[in-house]
Amino acid sequence: MHSVYSSSSAIVSLKGTGISDFSNPVSGSRTWLKSSSGSGQKVGCFSRSQMENMGNKVVVGTGGYVLEDVPHFSDYIPHLPTYPNPLQDNPAYSVVKQYFVNVDDTVAQKIVVHNNSPRGTHFRRAGPRQRVYFESDDVHACIVTCGGLCPGLNTVIREIVCGLHHMYGVKRVLGIDGGYRGFYSRNTIPLTPKSVNDIHKRGGTILGTSRGGHNTTKIVDSIQDRGINQVYIIGGDGTQKGASVIYEEIKRRGLKVAVAGIPKTIDNDIPVIDRSFGFDTAVEEAQRAINAAHVESESIENGIGVVKLMGRYSGFIAMYATLASRDVDCCLIPESPFYLEGPGGLFEYIEKRLIENGHMVIVMAEGAGQELLSESIHSMTKQDASGNKLLQDVGLWISQKIKDHFKEGNKMSINLKYIDPTYMIRAVPSNASDNVYCTLLAQSAVHGAMAGYTGFTVGPVNGRHSYIPFHRIIEQQNKVVITDRMWARLLSSTNQPSFLSTKDVIEDKAEEPPTQLLDHENGLEVNLLNKKINSACN
C-alpha cells in the first residue's frame, strides 16, 4: 500500500526510500515515484512540492482499495513529540478490552458489493489513538456554532467540553460567541463541565450563532493571538467550507492547531455521512404538526391540511415524516417536480382524494415547487449571508392556489388549514436518539484532534464513525433520489401520483450517481485521478 497526496488531479508518494511505484488497481498501469530523498521527483508533469500544495490526501492499496485520508500535523510540522494517551489510565475505560483504534482501521463508504468488486473508497476510522500530540495542560480549545439552529447543538457543546475534561484532563475551553464573527468582534465564554451540565435540555445554542461573518485572516489571527490550539466548528455545509479555509490558512502559517468540524444540518443534506444530528428530532416533532393537520382536515367536510416543513434543497424531513405518520395523502419535495393543473396534476389528485375520503393532508418541503412561483422568480436569485437561496413561502402560495382552483366554477366547497411549524421544529431540544448521536460525534472529534488529525469532519459512515476530509462534505449536497426504493415506499404509502413523465424519469436516472455496487464507481475514482493528471499536463 502506498500513501499518496492527491488533489483531484495528482498522486505522489509520501513515504519510502529509493524508488517506489504506484500501481493502478483497476487499469494495472504504473506511475514511478521517487522518494523524498530523491531529486526532481515528479508524477506526470508535477513536482512533489506542486502535488503537496494541491492538497488532498489519498492512500491506494491492492484490490481497488482507496483511502481518502484526512490531514495530520505530521504532514506539515516535522518532528513533533507524542505522548501516551491518558485514556489508558482512566478508570472509566478500565473495563474496555481495547482502548485504542488500530492505526490501519478504515471504514468502507459502500457496503453493497459483488464478489468481484473492488474494495472501494474508505475513510479513516474515528476513535482514540495510543499516542496523542497534546499534553493535557497545553490544550486551549474553542467551540463555535454557526448557521441556523438545530436540535442537539447544546448537546454537542456539552459533550466536547466534558469529553476534553473527563477523558483527557483538559481544563481550558472557550466558547466563541455569535458564530464566525465572534472570533474577532465578540467576547468569549469560558466553558466548564459545571457550566454546561444541563444545557442539553435546552434548544438552540448557548453560544449564539450567526450567518456569514467569515473573515479568514481575522479569525486565524484571533486563534493565534489567544493561543488556541484546538478549534471545534459546528455547522452546515457553508460552515464546513469556512472551516476548510481556516484549516488551509493555519497550515500555511505552520501552526499546531487542530481544526475539527461537526456537521450540522436539520435538512440531512450533508453527503457521505449516514445522517446529520437533529434530523431524528425534526422528524419526530414534525409528527405533531401532521397530526394536527390530520385532525383539522378529518373533522370537517372536504377538509385539507397543508403542512410546510424544512427542506431548502433536500426533502428528507418531509419524506421521513410522511412515512412515519401514515396520515399523509401527498408529499411534495424539491427533488420531485410537480404540476398543478391538467391530467395527473396536483389539483386533479386533490379532487380525487376528497371524493374518496372526504379529507386529505399535504406535506411539503419549503423548497418544493419554487419554480412554479413565476411571479416571484426575480427574488429566487437572492441569497442570505450564508449563501443560501432566499425562498418564497411556497406553503402559503399553494394553499391560496388550491382555494382559488376550487372556488372557480364552484367546483367544490373546501376547508383548508395551513400549518407552518418550521421554527418550532428546529428550536426544540434533541430527543434521546439524537442526544446519544451527538455524544458520539463530539467524542470522536475530540479523539481526532488529540491524535493530531486536523482539517476533518466527523460522522458515521455505514454505522461506523469516521474522519472525513472537508472537501468530501462540501463538494455536493445529499438529496432524495426519486428513482430510489425509499421514494417508491412513500408513493405506495400515500398513493399519490409521481407527477413525473417518462422523460423526467429517464433524465433523473441519467443524473443519478452510480449504484452502491463498487465496480463502476471505484474505477471512476481512480481513472478520474489519472485523467486529471493528463489533462493538467497537456
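Two strands pair if DSSP finds at least two bridges between them. Strands (E, at least two residues) and helices (H or I, at least four) are DSSP runs, numbered from the N terminus.

This is a predicted model, in which local features need pLDDT of at least 70 and side-chain atom pairs count only at pLDDT 80 or more, while totals for chains, interfaces and linings use all residues. Residues are numbered from 1 along each chain as its sequence is written, and side-chain values use heavy atoms, with hydrogens and water left out.

**View 1. An open sheet of four strands.** The strand order is β19-β20-β18-β21, and the pairing is parallel. β19 (330-332) and β21 (415-419) stand at the edges. Each has a single partner strand, so one side of each lacks a neighbour in the sheet. Neighbouring strands are turned by 15° against each other on average, direction ignored. Axes here are lines fitted to C-alpha atoms, for helices over the stretch in contact, and angles run from 0 to 180 degrees between N-to-C directions.

**View 2. β19, β20 and helix α7.** β19 pairs with β20 (residues 359-365) in the parallel sense, over three bridges. Leu332 has Met364 in β20 as its bridge partner. Helix α7 (residues 316-325) lies across β18 (303-309), β19 and β20. The helix runs at about 150° to β20.

**View 3. Arg124 in strand β11.** Arg124 sits in β11, which spans residues 120-125. Arg124 counts as buried because its relative accessibility is 11%; buried means under 20% relative accessible area, exposed over 50%, and partly exposed in between (1.4 Å probe, protein chains only). Leaving out residues up to four places away in sequence, Arg124 touches residues including Leu67, Val103, Tyr453 and Tyr467. Contact means heavy atoms within 4.5 Å.

**View 4. Asp104 in a loop.** Asp104 lies in the loop between β9 (83-84) and β10 (106-108). Asp104 is exposed, because its relative accessible area is 62%.

**View 5. The chain as a setting.** The chain has 15 helices and 23 strands. Of its 538 residues, 54% count as buried.
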